[in-house]
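Here are my notes after a look through the model.

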Amino acid sequence: MMLVTEIFVTIITVYFFLKILKTPSKQEPDSFSENDAE
Amino acid sequence: MALKDSSGWGSRVGLVLAMAGNAVGLGNFLRFPVQAIENGGGAFIIPYLVCFLLMGIPLLFVEWSIGRFGGSKGHHSTPFIFDSMDKRALWKYVGVFGIFTNLAVAAYYCYLESWTLSYVWHSIADSFGGKTQPEVANFFGNYVSLGTIEPIIFWLICLLLNTWILSKGLSGGVEKAAKIGMPLLLIFGAFLAFKAITLRAGENGALYDGTLGLNFLWTPDYSTIWDAKVWLAAAGQIFFTLSIGMGSIQCYSSFVKRKDDIALNAMSAGWMNGFVEIVLGSAIIIPIAVGYLGIDGMKELLSEGGGLGLGFKTLPYLFEQWGSLLGVIAGVAWFGLLFFAGITSSLAMGMPVMDFLKDKFNWKEKNAAWAFGVAVFLLGLPTVLFFNNGVFDEYDYWAGTVSLVILALFEIILFAWIFGMKDGWNEINQGADIKVPVIFKYIIKYVTPILLGWVFINSIPDIVSTINHDKSKENIAFYENANEMKKKSEEQQKLLLKKSDFKPEYLSSTTSIEKLDTNKLISFSTYLLIKKERELSKIMTDNNYRISKIQSENKNMLFKNISRGLLLILWIGIAYLVYLASRKIKLKKS
C-alpha cells in the first residue's frame, strides 16, 4: 500500500509542477484600471 | 506571472518553490516518520491523506485566496488583510496572530537552524570521526548546554544570513534562496534516501538491511485506524507541515496579481511538500537507524529524544560507519538538507513582519529586515541561553502549536461564513489554471471548520495541563515518593537484566560507563539505560542531589512562566502597533 501511495504522491507532484511549467503566463490587462480590484 | 515587479515575485516557479520551501521544514524529516511509527505505521497514511484532503488543501486554497485578495487592496500582513475582508475590529486583532506567530517561531527556529549549519561545519571538519555513539550524543548535549561560545556564533551567523537575504527583497532575496535551496534539498534528500534503502546487512557495520526500517515504518496496524488520537496526530502533522495558520502563506500570495492563478500554485506547493515528507522524509532517518541499531534500539532512542535526538545525536555517528569520505558527504547532505529546509521556512517568517512595517509605517526594505533580525535576536536570546530550562519548548508550544490552530480556525470562519462562500469560491477560481472540484466549496464551508474545531477542542486538555505545569509537578511528586522511585528502579533493572551485554556490576558507580562504551562492551541502548538507572539510584540515595533535582524542576517552571509572559507582551505589543496603524489610516482618511 505504501509503495502505491508513494508512487501516487510522486506522480501528482510531478503532474502539478509540470503544469506550472507548461501553462503560459497571462497577458497583462490593456488598461491600468483593469488590474484594479473588482 | 505576467509582469516582473520589483516588489513582487520574479517568476511563477520561484513563487511555488518559495511556498514549498516555506512548508518544507525540519519536521518533514524529523517529525513525520516518528509520528507515523507512533500512530499505526503504514495505517497512519490513511488519516494523514484524509486530513490533507479535508483540511490541508482547503486551508491552502483559503490562505492563498485571502492573501491575493488582501494584496489587491495593498495589504500584505494578516491584520489588515483580514480587515479588508470584514471591517469589524475583531478580525484585525485575530490577524495579530499572523505576525506574532512568525516572530515567536522565528525566535527559536533560527536557533534550531543554526544547529544544522554548525553540524554541516562539523561534518566537513570531521569532528565526529573516531567518536563513539555516546560521545556523539554528548557532543549535542554539550552544544545546547553552551559548553562553548560556538552555538551563539552559529546562531548569529544564521540570523545575519536571514536578515541579509530578507533585505534583498522578495524576488532578489527570498525567491533566489528558494531557487537554490529547494533543488539542493531534493538532491541531498534523494542521495540519502538511496543510501538508506540500499543499506545492506554486513556492509559498513550495518546489522540489518535499510529496507527493514522501511518495512517497519510502513507496516500498517489497522487496529489504530479508529483511534481518535491517531486522527488528531494526523491532523496536527498536516497543520505543521503545510505552515498553515502562520500568516506567511497569505503574505507570499498577497504579491500574486488578481488575474493570476492561485489554485494550481497552491496544489503544486502543497503536493511538493507532501512528496518531500512522504517519499523522502520517511526514507532516510528510520531506515538508517534501524539498519544499525535494530528496531528495538531505534525505538529506545526515539523514546529518549524523538526525531530531533535521532537526527542530531545518532545519525552523525552512523554516517561515520560509511567511511571517512562518504561519512563527510552524508553528514553535509543530511545537515545541509535540514539547513535548506529550515532557512526557506524562516525567510517566510520574516516577510509578514517586514511587510507590516513597510505597508503601515513606511519603513524601507533594509530597515524592516534589520528590525526583524534584531527582534528575533532579542526574543530568541532566552531560547538559546535557557534551552535546558524548557524555554525553547515553551515558545514552540504556544507560538508553533496553539497559535496556528487559533488563527486557522478564525480565518476559515471569516472566509467561509463572514466574507461568504459565494465570494470566497469566486476568489479561489479567479484566474485558476485548474478546475477546482466543486465539492471543495462544501468542504471549506462545513467540513474544515468542524475538523479544526475538533482539533482545537481536543487540544484543550493538553493546553490546561501545560498551563498547570503538570509534567514538572509529576516529576517533583516522583522525586518525593520513595516507593514510586523504587518501583521504577526495579522495572529498569529488570529491563537491563534482559540485555545480553549487561552485567550487574556495571551499575556500580565505581565502573566507568564511558570506559565500558569505549571498549565496546555495551550497546548504545544499554548505555542509556545504565545511565538512567545510575541517575535514579543517585536520586534515591543522595538527599542533596534529590533536592537539587526538585529545585531544578521549580526553576524550569519559573522560566516557562517568564517565557509565557514574554510571548504575551509580544502579542500585546503587536496588537498595539496594529491599533496605531489603523488610527493612522483613519486620520489619513478624515
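1. Start with helix α22 (residues 482–498) of chain B, which packs against helix α24 (residues 524–541) of chain B at an angle of about 155°, the axes being 10 Å apart. Angles over 145° count as roughly antiparallel, so that is how α22(B) runs relative to α24(B). The crossing of α22(B) past α24(B) is left-handed. Bear in mind that this is a predicted model.

2. Now the contact itself. On the α22(B) side you'll find M485(B), K486(B), K488(B), S489(B), Q492(B), Q493(B), L495(B) and L496(B). They meet T526(B), L529(B), I530(B), K532(B), E533(B), L536(B), I539(B) and M540(B) of α24(B). By residue class, the contact of α22(B) with α24(B) splits into 8 nonpolar, 4 polar and 4 charged.

3. The largest cavity holds about 60 Å³.

4. Which residues line the largest cavity? They are M19(B), N22(B), A23(B), L60(B), W64(B), L242(B), I249(B), A269(B) and G270(B). That lining divides into 7 nonpolar and 2 polar residues, with no charged ones.

5. As for where the lining of the largest cavity comes from, α1 (12–23), α4 (45–72) and α14 (263–280) of chain B each give at least two residues. The largest share, 3 residues, belongs to α1(B).

Notes
Residues numbered from 1 in each chain as written. Chains lettered and ligands numbered in written order. Predicted model: local features only at pLDDT ≥ 70, side-chain atom pairs only at ≥ 80, totals over all residues. Heavy atoms only, no water. Axes fitted to C-alpha atoms, helices over the stretch in contact; angles between N-to-C directions. Helix = DSSP H or I, 4+ residues; strand = E, 2+ residues; numbered from the N terminus. Parallel < 35°, antiparallel > 145°, perpendicular 65-115°, else oblique. Left-handed = near helix turned anticlockwise from the far one by under 90°. Contact = heavy atoms within 4.5 Å. Nonpolar A, V, L, I, M, F, W, Y, C, P; charged D, E, K, R; others polar. 1 Å grid on protein atoms, 1.4 Å probe; cavity = no way out; pocket = protein on both sides within 12 Å on 5 of 7 lines; lining within 4 Å. Points joined across faces, edges and corners; volume = space filled by probe spheres on them.
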